[in-house]
Amino acid sequence: MGSSFSNSVGGIMKRTVVQIVRRPIYWFGFLIIPLFCFLFIASMLSNGLPTRVPSAMVDRDGSPLSREVTQSLGSMEMVDITESLDDFSAARNALQEGRIYGFFLIPENFQSDLLAGRKPEITYYTNMAYFVPGSMLFKAFATTAVYTKVGVAATVADMVGANAASLTPLVQPVNIQMRGIGNPNLNYGIYLGNSFIPACLQLLIMVMTCFTLGQEIKHGGSRRLMQMANGSIVKAIFGKLFPQTVIWWVVAFFMTIFLYRYAHYAMNGSWGWLLLSEGMFVLASQGFALFIFGVFPNLRLSLSVCALTGILAFSLAAFSFPVQSMYGGMAIFSYILPVRYNFLIYVDQALNGIDIYYSRIWYVAYIIFMVLPLTLLWRIKKYMMHPVYVP
């Protein structure tokens, strides 16, 4: 019986490998597109933190103090003052055209009003449609405004003969110290790279899994597949997907080793548990895709559902919006995606380096995704044995 199983499964595996080698679309789906996405995201975030964001200065005062503010703002690492504009309308147009991501506006009579105690208003605008550069500029603009306030207070105190140092507790009564736990350098790559790369990988795994099975039904190859498996859907699925699993393992392990060994991403835990997570993540993604194919055993429908689910994972997995702030009905969906547990294990093991005991439930979630398609194997077998392609 063991020999029969190995022969049938081995024949299906050989058939699958030949299909992968002969069809360029499989090369793109299994290797070229994943590596392109990985290299694109890794290189884009290689500097860690965005720097030199294009911005503009609108100085309507032209006083020594306003020029000093402009110089201080331009010296910041995150800010690149590419334009010096005369009025609000010109700055708004530049912002809408995408030439800049924000601008800092100093009003008329800024210095004279400030020294006279008339409290002039500094205004700054950022384009939050581009969240990362907009947030960086907002932080830089806010910091400049605070420093300007402190500098003017010190100047006024010096003019009246007071001790400028005594004003510090009044201007900044609470001294804030920020300590980034797990990511002390505030490296965007360490967070986004380990979020977006697995999400892209999950999307491709799901799409390619449904594509390969849907192609068998579309072109009538599923009957031949079931004959080679002696009517066993388990043999057919295992022989069909295992060569793909090996390819995905190689891709996932390569990405992981590159990020942590050569890109020097934070690794405060165990390599073994993290690599186990990546291996189980591949199987969980395939299991989730197989479950979707069982619900929609049709090439077009299963691909559409996998693509939609994979794209929504970038938001629903809480990469760009925290689960705690989602509406209750939406937050539930974050826990039906394998990539969510990949991220939680990454935070526990790589960033925080905590004991595996506290991450055990996330590995159990992987196993649930792996066994989930077993509930619909009967349905997949039915369509494999009697393929009906619905365009």
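**Cavities, cysteines and selected contacts in a predicted model**

The sulfur of Cys-306 lies 3.3 Å from the closest cysteine sulfur, that of Cys-210, which is too far for a bond, because a disulfide is a pair of cysteine sulfur atoms within 2.5 Å. By this rule there are zero disulfides. Cys-200 is in no disulfide either, and the nearest cysteine sulfur, that of Cys-37, is 4.7 Å away. Relative accessible area was computed with a 1.4 Å probe on protein chains only, with buried meaning under 20%, exposed over 50% and partly exposed in between. Cys-306 is buried, at 0%, and Cys-200 is buried, at 16%.

The structure is a predicted model, in which local features need pLDDT of at least 70 and side-chain atom pairs count only at pLDDT 80 or more, while totals for chains, interfaces and linings use all residues. Residues are numbered from 1 along each chain as its sequence is written, and side-chain values use heavy atoms, with hydrogens and water left out.

Grid points are joined across faces, edges and corners, and a volume is the space filled by probe spheres set on the points. Helices (H or I, at least four residues) and strands (E, at least two) are DSSP runs, numbered from the N terminus.

The largest pocket holds about 400 Å³ of space. Its lining consists of 16 residues, and Ile-237, Phe-238, Leu-241, Leu-290 and Met-370 lie nearest the centre. Two or more lining residues come from each of helix H10 (233-262), helix H11 (271-295) and helix H15 (360-371). H10 gives the largest share, seven residues. For the classes, Ala, Val, Leu, Ile, Met, Phe, Trp, Tyr, Cys and Pro count as nonpolar, Asp, Glu, Lys and Arg as charged, and the others, Gly among them, as polar. The pocket lining has 13 nonpolar, three polar and no charged residues.

Two cavities of 30 Å³ or more are present. The largest cavity has about 120 Å³ of space. It is lined by 13 residues, with Asn-194, Pro-198, Thr-256, Leu-259 and Glu-278 closest to its centre. At least two lining residues are supplied by each of helix H8 (188-218), H10 and helix H14 (338-351). The classes are eight nonpolar, four polar and one charged.

The second largest cavity has a volume of about 40 Å³. Cys-37 and Cys-200 are among its lining residues, which also include Pro-34, Phe-38 and Met-255. Helix H2 (24-44) and H8 each provide at least two residues of this lining, which has nine nonpolar, no polar and no charged residues.

Ser-232 is located in the loop between helix H9 (221-228) and H10. With 22% relative accessibility, Ser-232 counts as partly exposed. The side chain of Ser-232 reaches the backbone nitrogen of Lys-235 at 3.3 Å. Ser-232 and Lys-381 are 149 residues apart in sequence and 8.2 Å apart in space, C-alpha to C-alpha.

Strand E1 (residues 53-59) is mostly covered, with five of its seven residues buried. E1 pairs with strand E2 (residues 79-85) in the parallel sense over six bridges; two strands pair if DSSP finds at least two bridges between them. Met-57 stands opposite Ser-84 in E2.

Terms used
1 Å grid on protein atoms, 1.4 Å probe; cavity = no way out; pocket = protein on both sides within 12 Å on 5 of 7 lines; lining within 4 Å. Polar contact = N/O pair within 3.5 Å; in protein donor to acceptor, adjacent residues only side chain to side chain.
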